[in-house]
Every structure is written in structure tokens, then in C-alpha cells.
Amino acid sequence: MREFQLYAITGEEFHPGRDLIEVMEEAILGGVDIIQLRDKTSSKREVLAKAKALRELTKKHDVLFIVNDHIDVALAVDADGIHVGQDDLPLEDARRIMGPDKIIGISTHKIEEAREAEAGGADYIGVGPIFPTKSKVDVVDPVTTAYIQQVAAEINIPFVAIGGIKLHNVLQVLDAGAKSVCMISEIVGANDVKGVCEEFKQILTAKGHK
Ligand SMILES: Cc1ncc(COP(=O)(O)OP(=O)(O)O)c(N)n1
Ligand SMILES: Cc1nc(C(=O)O)sc1CCOP(=O)(O)O
Ligand SMILES: [Mg+2]
């Protein structure tokens, strides 16, 4: 799997009146190297239409494209991969459907889940929520940067920290051992989406994570 450092997830509720593709293109121009389509409310047809548009955008800019939850949509648009949580399609089934070459990311909230994901052949894991977040309704309690330290010490596949990460606290996340960070609201809810991504990129680069 190609390496990534700055991961943006869509969240249209954070930019009312602004076009999804326009916002995500700004994020890409600011340095995001992987995008996930996450849409909890639209119909399957609508999700598919958004996925098609984001696939075109990410191809144009040579950025990875992941679909959250909807494996059929991921396959239909030839996304680079799928992200699944602990209550979604199990890894074994996701792998069988997606094939060996697609990226499968799994959310984890404790080290046992991280171990299981690694042993099961996940390409990367999500590690979170690090801080409190309002972007996910059914979220577990914050796992804190202590969980990042645990994963960094023990797990050998790439991991991305997620949940409540902002410009003002991202250094805590990197200092705990994360090399990749993932945000919804801090990126797509910004007035200057490109500018925020450039700031994250600068912080990552200063820490040696290009
Ligand atoms: C990179 C990344 N990490 C974690 C999640 C959360 O996935 P999940 O637990 O399935 O929750 P929903 O996003 O589906 O509400 C994610 N999407 N991306
Ligand atoms: C989608 C999601 N998954 C999480 C997890 O911990 O698995 S936290 C989260 C929401 C992240 O949004 P924000 O950057 O706005 O806090
Ligand atoms: Mg999910």
C-alpha cells in the first residue's frame, strides 16, 4: 500500500452551501494524500454518485480514494479501498469481496482489536477516538494518546490516528508515535480548507513525516 500521512474524511454537514467536490479538491491541493467518502444519510444512489465524482477527482490528482462502509460502492467505482469498523463487514469477508490488491482499513479502539486486524491482514488501522469528537454519533470514549503509544510499540502495519484531532493538539498525537493523522471537522469545516491542510502538512514535515 502506498504510504499516506494526511487523511481527510468527507463531512458535508460541516460545509453547508459548499460543494463536496470543491471542498475535497481544496483539501487535496493543500496536501491531503488520501480521501474517504463517509456519508451516513444519503441513499445508496446518492452515495454512488458522490463516489464516482470523488473517484474522478482523486484519479486526476493521484490521491488514494477509500469508501466508508459501502463495499458495493467501493467496487462499483473501483476505489482504492474500503474502511470498515468493528460492527461492519468482517475483515475476512471484506477481503474475499475486495480481492488481495485493494486497501482494507479497520477502526480499532483497543490493542486486542489492533492485533486482530493485523493478524487478519488489514492494510491499515484507524486508532481512535484520541480526543472527544462530535463528528460520530456512536463513538466510544476517547482512547487518549496512550493507545497511540501502545499501537506504535506493538503493531507493524500502518495506523492513522483519528478523533478530535485539531491543529492545536496534533503535536500531542505525533509525539505519541503517530505518523498519519485523519480529520473530518478540522479540515472540511474550515473556512480555508487548503490553508488548514497546508498547516497540517508543515507540522507533519517538521516531524519528519513527509
Ligand atoms: C480512518 C478511519 N478510522 C475510523 C473510522 C470509523 O469507522 P467506523 O468505526 O466504521 O465508524 P463510521 O465511520 O462508519 O461511523 C473511519 N471511518 N475512518
Ligand atoms: C469517523 C470517526 N471514527 C472515529 C474512531 O475513533 O473510529 S472518530 C471519528 C470522527 C472524526 O471526526 P473529527 O475529526 O471531526 O473529530
Ligand atoms: Mg463503519
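Author: Helices (H or I, at least four residues) and strands (E, at least two) are DSSP runs, numbered from the N terminus. This is a predicted model, in which local features need pLDDT of at least 70 and side-chain atom pairs count only at pLDDT 80 or more, while totals for chains, interfaces and linings use all residues. Residues are numbered from 1 along each chain as its sequence is written, and chains are lettered from A and ligands numbered from 1 in the order in which they are written.

Reader: Which strands each supply at least two residues of the shell around ligand 1?

Author: They are β4 (81-84), β5 (103-108) and β7 (159-162). A residue counts as near a molecule if its C-beta atom, placed from the backbone, lies within 6 Å of it. Ligand 1 is surrounded by 16 residues, the closest being H83, G85, S107, G126 and I162.

Reader: How do you know that β1 and β2 pair, and in which sense?

Author: Two strands pair if DSSP finds at least two bridges between them. Strands β1 (residues 6-9) and β2 (residues 34-37) have three bridges, in the parallel sense, and therefore meet the definition. For I9, the bridge partner in β2 is Q36.

Reader: What do the eight strands form?

Author: A closed barrel with parallel pairing, in the order β1-β2-β3-β4-β5-β6-β7-β8. From one strand to the next, the twist averages 25°.

Reader: What does I187 touch, not counting residues up to four places away in sequence?

Author: Contact requires C-beta atoms, placed from the backbone, within 7 Å. On that definition I187 touches A8, A27, V193, V196 and C197.

How values were computed:
Two residues are in contact if their C-beta atoms, placed from the backbone, lie within 7 Å. Axes are lines fitted to C-alpha atoms, for helices over the stretch in contact, and angles run from 0 to 180 degrees between N-to-C directions.
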